[in-house]
Amino acid sequence: MNFKFILKAISVALVSFSLTLISAVSFAATDVRIMWYGDGDKENVPIAAQIDEFNAANPDINVILDIVPYDAIMNTLPIQLAAGEGPDIARVTDLGGLNKYYADITPYVADPSYYEKSFGPFLNWYRKPGDTTSIHGFHSTMTVTGPYVNKTLFEQAGVDLLGPGATWEEWAAASIEVAEKTGTPIPMAWDRSGHRVSGPAISMGAKYFDSNGDPKLVDDGLKAMTQMLYDWHQAGTMSKDLWGSVSGSKYHAPNDWWNAAEVVFMMSGSWQIGRFANEVGDDFDWWAVPAPCGPAACTGMPGGNALLAFNANPAVGKVMDYLSSKEQLSSFIGQVLAIPGHLDLQVDYQTDDPNAKHALNTFAGAVPTIDQVAFDLQAHVDNRIMFNAIISRLGQAIVGEMTMEEAWERMDEDVEKQLKEKYGG
Amino acid sequence: MENIRNQIKNFFLRILNIPFAFLMHAIDLIMWPVQKIIGVKNMPYIFLLPNLIFFGLFVIIPLGANFFFSLSSGDELLFTERELPTTKQYDQLFDCESYLNPNTCTEDFFWRGVYNTIFFVVFQVGLMIFFSVLTAVILNKKIIGRGFFRSVFFFPVLLSPVVVGLIWQWILLKNGAFNAIIESYGGDKVSFLTDPSWAMASVIFVSIWAHMGFYTLIVLAGLQAIPPNLYEAAEMDGTSRERIFFRITLPLLMPNLLVVFILASIKGVQTFDEIYVLTGGGPGTSTSLIVQYIFTTGFASSGSVQNFGLAAAASMVLGVVLLFLTLMQLYFSRNKESKHQEI
């Protein structure tokens, strides 16, 4: 009797355990992993709050937010994707470069037309050439490259800020004058990035593509701008300490010097607004100014970051719908002080900082003035190859490893070599 | 009382023994027939098998995969999607009009890395040996706080290369601690990390600081193995200190110095992390060594094509250099052993 009882008890226990296991598996929440880089807490805190809110409202989906450095998005993510180990969603800036890994979430979003209406022109930046219908995600924030000036230094030096239509040479001269009068060590500092160089290069007449639409990097426009950057470094208008502090195509921003008021004029972009508002505070007045002009245009580069899907399933679709909704995007953009990538979004920017408000207006006003070449370049899948060739070779020329003629020759060779490796031939 | 305690102890030991005995019997059940089949002589291979499996999985297979990648092309990671076989990557690496001028090479970054590595290894190893011997000689003397100083010199070896890089970046940056001191004495700031003429010297200095402790220890062991009666005899003969050093200490230290030379050379050729943190390989490519070229080409292209094939080919070339250095080390250490046996 005892033996039978034990046997029964074991059977009951086993059945209950199996049922528990089956039900646990059946009702387990679906994990959705997001790889996110943020520009510090100003971006990470709002997105984390949104994800928490989503998880609370959707117990069947468990969104995991992996906050990573920007380098991980640029260098680790492509390897993970190539190995088939990527996240479900990631926030990326190399929008076209990773397009072979994007998943089409059209069947899983509630209203595909919402994406077309709200993010229309940007969707093509993510699609493979020839594809006009897939939905891979949405633009988280739009960015425009452009310069900032330390307005306080201009006022102290008694030099007037230049208005729209001022050329790069005029801005450089004004910055040098301010630096000399105020004892500021660095008249001009630029982000070390080929993307940043490209807007001004287009202003100088760079076309980036041949008549067939294929990449053709070096022309007179690009030569003019890169020569100007080279000369500014040799003359001390730009400090070699910034671009010289890394090698190859590595990105580097002069924020530390800017925050310490050691820079008069900084070429960067709209994504810095929130950061400056937090980090500069009341130390000095900073203004965004219109993109300086060259003979061909007065343009910056468009850009931005997008949340893009690498797996397509209902949970991913739901997360995308939630994060791309007007309500969530408006709240996010309002907190991070960015330009929305959504075409029809009212944003209540949560700042009293007059510098930030002025900068937001300046950059938002710059969007219509962006040159078509800049849009085409941003939309091209291989634009990073061109950006990297510019910055790595220009960097070498600046520190004396090669002449500018050799650097231009190398830029074209680098692009050709990389495209051959990628597409064969 | 003692007897009872022993009995209890034995009882528990026997209980603890049961699982081990069970395990051993289970192993015996398998091993006995294996031994019957392959013979006692071959049994060591069976015991080596687990280690060989791990070695194969984590060393041999990756080495083979690397070789395979070096003979394939394309930007895909999966073997099945790559084009092969091709010597394109090796052709590209060695395509130069003049090997002495990297600007004439298709892969100029690789050749700059090669020349930077040679420069780095020659000066880093040379200076490292010099300072290691100097430090070891001082630490071998009866100085106050000898134990403390020995620890101090060894301490940097325990630090992670990233920590070393960050600490020295903080010290050597233009707005860093060292320049603050220079400025406080009325001097001009020096771009230790961003001026091409200073950057390589700075990374060599930092690398010596970080690794010298280990080599000092090897030299110190060599110094302590020199019989003291040789020094006593030399002193009795009135030999000068310099002569003692060059005629007794240095010749008897030579086997240790050879080990230091080869180990430091191998380590020098492989250097990457602390320099990457310190200068990022810049300014330009002035501190970019071969390993950084491999890393950047394969894994850190910032949106450009990740050329795994080219990175693999470069790492095969680096592997050949390291193999040569390792064989040198083996040759000299065997030579040393046989000389010891002769003595």
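Guide: In the contact between the two chains, 27 residues of chain B meet 31 residues of chain A, where contact means that the C-beta atoms of two residues, placed from the backbone, lie within 7 Å. On the chain B side these residues comprise seven nonpolar, 17 polar and three charged. The classes are nonpolar (Ala, Val, Leu, Ile, Met, Phe, Trp, Tyr, Cys and Pro), charged (Asp, Glu, Lys and Arg) and polar (the others, Gly among them).

This is a predicted model, in which local features need pLDDT of at least 70 and side-chain atom pairs count only at pLDDT 80 or more, while totals for chains, interfaces and linings use all residues. Residues are numbered from 1 along each chain as its sequence is written, chains are lettered from A, and ligands are numbered from 1 in the order in which they are written.

One helix pair in chain B can be followed residue by residue. Helices (H or I, at least four residues) and strands (E, at least two) are DSSP runs, numbered from the N terminus. Helix α8 (residues 196–224) of chain B and helix α10 (residues 241–269) of chain B have axes that come within 9 Å and cross at roughly 165 degrees. The axes are lines fitted to C-alpha atoms, for helices over the stretch in contact, with angles from 0 to 180 degrees between N-to-C directions. That angle is why α8(B) counts as roughly antiparallel to α10(B); the classes are roughly parallel under 35 degrees, roughly antiparallel over 145, roughly perpendicular at 65 to 115, and oblique for the rest. The crossing of α8(B) past α10(B) is right-handed, a crossing being right-handed if the near helix is turned clockwise from the far one by less than a right angle, and left-handed if anticlockwise. From α8(B) the contact draws on H211(B), Y215(B), I218(B), V219(B), G222(B) and L223(B), and from α10(B) on L253(B), N256(B), V259(B), V260(B), A264(B) and K267(B). By class, this contact has eight nonpolar, three polar and one charged residues.

Two further sites in chain B are worth a look. E235(B) belongs to helix α9 (residues 228–236) of chain B and counts as exposed, because it has 11 C-beta neighbours inside 10 Å. P283(B) sits in the loop between α11 (273–278) and α12 (290–298) of chain B, and the peptide bond from G282(B) to P283(B) is cis, with omega near -5 degrees.

The assignment for chain A gives domain 1 (25–142 + 303–354) and domain 2 (144–302 + 365–423). The C-alpha centres of domain 1 of chain A and domain 2 of chain A are 28 Å apart, and their contact takes 18 residues from each.

Chain A also has a helix pair to set beside the one above. The axes of helix α8 (residues 220–235) of chain A and helix α16 (residues 383–398) of chain A come within 10 Å, crossing at roughly 35 degrees, and the crossing is right-handed. T226(A), L229(A), Y230(A) and H233(A) of α8(A) meet I390(A), L394(A), A397(A) and I398(A) of α16(A).

Finally, Y208(A), in the loop between α7 (194–203) and α8 of chain A, has a positive phi near 70 degrees. Y208(A) is buried, with 21 other C-beta atoms within 10 Å.

Key. Domain bounds come from an automatic or database domain assignment. A residue is buried if 20 or more other C-beta atoms lie within 10 Å of its own, exposed if 12 or fewer, and partly exposed in between; C-beta atoms are placed from the backbone.
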